[in-house]
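Reader: I am new to this structure and would like a close look at a single part. Please take the surroundings of the ligand.

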Amino acid sequence: VSLGVRSYPILIGKGLIEAAPQHLLQHLGGARFAIVADEAVGALAETLGTGLAKHGLLLGPTCFVPSGESSKSFARLQSVCSALLDLGLERNHAVIALGGGVIGDLAGFAAAILKRGVRLVQIPTTLLAQVDSSVGGKTGINAGQGKNLIGAFHQPSLVLADLSSLKTLPPREFRAGYAEIVKYGALGDAAFFDWLEKNWERVFAQEEEALTHAVEVSCRMKADIVARDEFETGDRALLNLGHTFGHAVEAWAGYSGKVLHGEAVALGMMLAAQFSHRQGLCDKSVPERLGAHLANCGFATSFTASGEGNAANLRSQIGALPTVRELLHFMEQDKKVRDGQMTFILLRSIGQAFVARNVDRGQIASFLEGQLT
Ligand SMILES: NC(=O)c1ccc[n+]([C@@H]2O[C@H](COP(=O)([O-])OP(=O)(O)OC[C@H]3O[C@@H](n4cnc5c(N)ncnc54)[C@H](O)[C@@H]3O)[C@@H](O)[C@H]2O)c1
Ligand SMILES: [Zn+2]
């Protein structure tokens, strides 16, 4: 990721957690490390901690955090900060975040504020974190008022995406992360989207070559976009393809686990593609192709329509549907809405997304009306 003095490498491959001491020595020479880890990855934390201790690089015992979104809280931030200070964390030390996006966001924010900022190493252990949250420097926690409302930009110094860590990831979590991979193809790389249509089963089977390619292309695209627009004043918004609709669905479901983030994004991308077609911005083959691929992978691609094969709709997945009013309510709480005009990421074709800043609320309402009946 090219950001001048804040540039950093992303290493992708199998066995990187075992080889972590040598990579940390190479890229963060002179530092010692405190590990913050998800309770679900105890075995990986053990491997990492033992390796670091052998090289005299470990500050102390791993700080374990309970799994799940509720750990992105002030209370948990406080206990993590306190544990890291108890270990004797100094400004020249570094925090390692070992886990999914929850741990990356929480431990990353702790690193951003402890001693006014210590270095951060992201070791993402979910597919979503490897292709998305570990790269780009957004860190933070949730507020009662909404998700990710308290945080800081704090770029990591190194990202180690160890593909072998994904072996224990529940298949549903793997698939949810894959939605973000499809997003990169849909928003900016038609050839990659073609490749995914042909190779997705090899990615899901975690074949090394295919999985490496999928993670690498995704990270490169995120890195390029972040390098162009680190603080999201322009182009970085493209990464929100599917997220305005998706966040509304997640918020309506109460972040309950009934709909995972990636599942909401898959449905949200479909809605963005269908809305784009309805506005005359793209050919109908765009929503058709996107929908066919997402349905093949097992995602719900509509609220109500009965799909082909194993494709479910959202109603059959969670047994209820939001109303148009509810969805609009949550969209309006989103940071992307101002004065009845909504910002959406829309599609001209597969691989060509753009930021549409003046989408009329009424048109969204009537579109959703059609989708929900
Ligand atoms: N900072 C960013 O740019 C950014 C981008 C996207 C998402 N996010 C945030 O990321 C979070 C979602 O991330 P996520 O999908 O990784 O969720 P997560 O961190 O909750 O992980 C998903 C589940 O997998 C478990 N898990 C993690 N690694 C595992 C492994 N190797 N084996 C078995 N189980 C494992 C976790 O315990 C959890 O139950 C959200 O809070 C979201 O806001 C941040
Ligand atoms: Zn996302």
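Author: What follows describes the shell around ligand 1. This is a predicted model, in which local features need pLDDT of at least 70 and side-chain atom pairs count only at pLDDT 80 or more, while totals for chains, interfaces and linings use all residues. Residues are numbered from 1 along each chain as its sequence is written, chains are lettered from A and ligands numbered from 1 in the order in which they are written, and side-chain values use heavy atoms, with hydrogens and water left out.

There are 24 residues around ligand 1, and those that come nearest are E69, G101, T125, T126 and T168; a residue is near a molecule if one of its heavy atoms lies within 4 Å of it. By class, the shell holds nine charged, nine polar and six nonpolar residues. Here Asp, Glu, Lys and Arg count as charged, Ala, Val, Leu, Ile, Met, Phe, Trp, Tyr, Cys and Pro as nonpolar, and the others, Gly among them, as polar.

At least two residues of this shell come from each of α4 (101-113), α5 (127-133) and β7 (146-153). Helices (H or I, at least four residues) and strands (E, at least two) are DSSP runs, numbered from the N terminus.

G101 has a polar backbone atom 2.8 Å from an oxygen atom of ligand 1. For D105, a polar side-chain atom lies 2.9 Å from a nitrogen atom of the ligand. S165 has a polar backbone atom that is 2.9 Å from a nitrogen atom of ligand 1. On its own, ligand 1 has 860 Å² of accessible area, of which the protein covers 86%; accessible areas come from the Shrake-Rupley method with a 1.4 Å probe.

Technical notes. A polar contact is a pair of N or O atoms within 3.5 Å; within protein, one must be able to donate a hydrogen and the other to accept it, and residues adjacent in sequence count only if both atoms are side-chain atoms.
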